[in-house]
Amino acid sequence: MIPDKAPGEDVLHASGDLKKQAHIPSFEKYKELYFRSVESPEEFWGDVAKDFFWKTKYTGKFLDYNFDVTKGEIFVKCMEGATTNICYNVLDRNVHERKLGDKVAFYWEGNEPGDEKTVTYRELLQQVCKFANVLKSQGVKKGDCVSIYMPMVVELVVAMLACARIGAVHSIVFAGFSAESLCERIMDSQCCILITADGFYRGDKLINLKLIADEALQKCRDKSFTVEKCIVLRHLTKEDEVLSGSLSPPVKRTCPDLQVPWNPEVDLCWHSLIGGASEECEPVWCDSEDPLFILYTSGSTGKPKFEGLPTYPDVSRMWEIVDKYHISKFYTAPTAIRLLMKYGSEPVQKYKRTSLKILGTVGEPINPEAWQWYYSVVGEKRCPVVDTFWQTETGGHVMTPLPAATPMKPGSATFPFFGVVPAILDESGEELEGPSEGYLVFKQPWPGVMRTVYGNHERFETTYFKKFPGYYVTGDGCRRDKDGYYWITGRIDDMLNVSGHLLSTAEVESALVEHEAVAEAAVVGRPHPVKGESLYCFVTLNDGINYNQKLEGELKKQVRDKIGAIATPDYIQSAPSLPKTRSGKIMRRVLRKIARNERDLGDVSTLADSSVIEQLFENRCCTAV
């Protein structure tokens, strides 16, 4: 599974300077720790646990589990009986034990350049304790669920840590979701209180979050579920204003376009509540197996997080921020990288970026061309690219290179992280050895893996464990090469069966993007009377390039040469832009509908620009090329 030694050819290595600074400086050290983590997990994770404060020790097995549905209920338990508090470990110990109170915990950068905050550990602890006391004053207690529907602001972090401090379970709902989506999540988690904000800007677009939250709460009431209180952060409105008790007149505000309805029977002002709250709040000690948060997997992956957009107010914003804060580790999604590639290297090279040491990617497989641009242009060939594979369900990285230790192959997630034992299965559930391609599964748990689907353990077992008993099924396809490197090929749902051949849409997309004219590509299936499925490709071209038959022929040849004749696109459609969520993820579900000329698109509330849809319908291909 792990090669005896790192391959010496066709790989890229980290610099000697980085190796000197690294916690794990070599491939040999990685192998030593990896084998210890899977063969002696109690010893390995026990050492990790020593870095945390534990009020009491665990009482049973260190790690206990069952991954085989034929042997009983699926479960994972780690250090059961031990008690701790995550908030205490993150804040109190840094402030009081390590004397880091004046150290910056994080920087916050707003939508507009110049809108910024610096938060120290001491300031964060004070605000978290105050808001924890606010939650307690509203009757929130250990085990209760709190829904948080907020933009990327400092108070979001405060709210999460305040919940953790009192043992409440927080449920983050992405601020791009619709009222219906928020309503569903509130009801599913049976939350007792909602925390939201008046609104926020995403680029030059104003989002009235309070209006959406009100609509969601009304939908809950219509379905006989009532949330008694909603705490509202005044993010865009003045902190010293007095909120009106009337439902109709808007409050005074710094943002002239924002209408903020107010219901005094439900709504509570964050600033008014926190102003008089105590800065002292004892943590509630929780069992290691008590739930910390609920996170919904139906949200999109690869979300770019500054409060605004990576291209606002111009396409150099990210690199400006790198220089401004002397950022050493930069982590983003392949979608964002491909978006920025479209504008060339000049916006990147306007800034020095000398502080950068490590580049990371997340959210989807990165095609080698985007990887090379990221490595060569952004990182100037001196920063290793850490291409991480993980899921909401895994709780952390499960396949990833280590910055100084792992020789890199562009586009490969390389090797498993500590405690993770991957395998590749064929359709019948047989483990494949050596170079192979099939279903990616994991054979044993690690401490951070999901424990269940909230309120529906049967669904948890069915989704992740019944297809191949004894394994956690990721739902992703994977290829292992001759050197033992793992390559994520995309969701199994994104595999197409063309004339009996299983094709990865990600591989076809990668082949299309290799052409110098193509900035981005998305591939979906369209029913075919003979082949079963045909390849329908959407391509977004670089600025200044026009789509024509010559280019179309070149693209077909590009795919044919890279993958084979069976993968030759049946349809290629020029797409000035692709339908994406507000978080930047391509909505392939919508593209499948467009390819099939089906107008019933379902829920598109997270779509960033709805005008894209009609344009794509108008330009769709009717006959194969």
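This is a predicted model: local features need pLDDT of at least 70, side-chain atom pairs count only at pLDDT 80 or more; totals for chains, interfaces and linings use all residues.
Let's start with the annotations. The unreviewed UniProt entry puts an "Acetyl-coenzyme A synthetase N-terminal" domain at residues 30-90. In the model, that stretch is 39% helix and 16% strand, with 27 Å between its end C-alpha atoms. Then, again from the unreviewed UniProt entry, there's an "AMP-dependent synthetase/ligase" domain, and that one is listed in two pieces, 98-305 and 313-452. For the piece at 313-452, I've got 23% helix and 16% strand, and the end C-alpha atoms sit 42 Å apart.

Now the surface. Which residues form a nonpolar patch there? That would be I86, V90, L292, F293 and L295, and together they have about 390 Å² of accessible area. Take I86 from that group: this isoleucine belongs to helix α4, which covers residues 86-97. I86 has 35% relative accessibility, so we call it partly exposed, and anything over 30% can go into a patch like this one.

Last stop, E552. You'll find this glutamate in helix α16, residues 549-562. Is E552 buried or exposed? Buried, and it has no salt bridge. The nearest side chain of opposite charge is K556, and that's 5.9 Å away, while a salt bridge here has to be within 4 Å. So what does the E552 side chain make a polar contact with? The side chain of Y547, at 2.9 Å.

That's my tour, thanks.

Note on methods
Residues are numbered from 1 along each chain as its sequence is written. Side-chain values use heavy atoms; hydrogens and water are left out. UniProt positions are given in the numbering used here, feature names are shortened, and annotations may be inferred rather than shown by experiment. Helices (H or I, at least four residues) and strands (E, at least two) are DSSP runs, numbered from the N terminus. Buried means under 20% relative accessible area, exposed over 50%, partly exposed in between (1.4 Å probe, protein chains only). Lys and Arg count as positive and Asp and Glu as negative; His and the chain ends are not counted. A polar contact is a pair of N or O atoms within 3.5 Å; within protein, one must be able to donate a hydrogen and the other to accept it, and residues adjacent in sequence count only if both atoms are side-chain atoms. Patches are made of residues with over 30% relative accessible area and no salt bridge: like charges are joined within 9 Å, nonpolar side chains (Val, Leu, Ile, Met, Phe, Trp, Tyr) within 5 Å. Accessible areas come from the Shrake-Rupley method with a 1.4 Å probe; for residues, only the protein chains shown count as cover.
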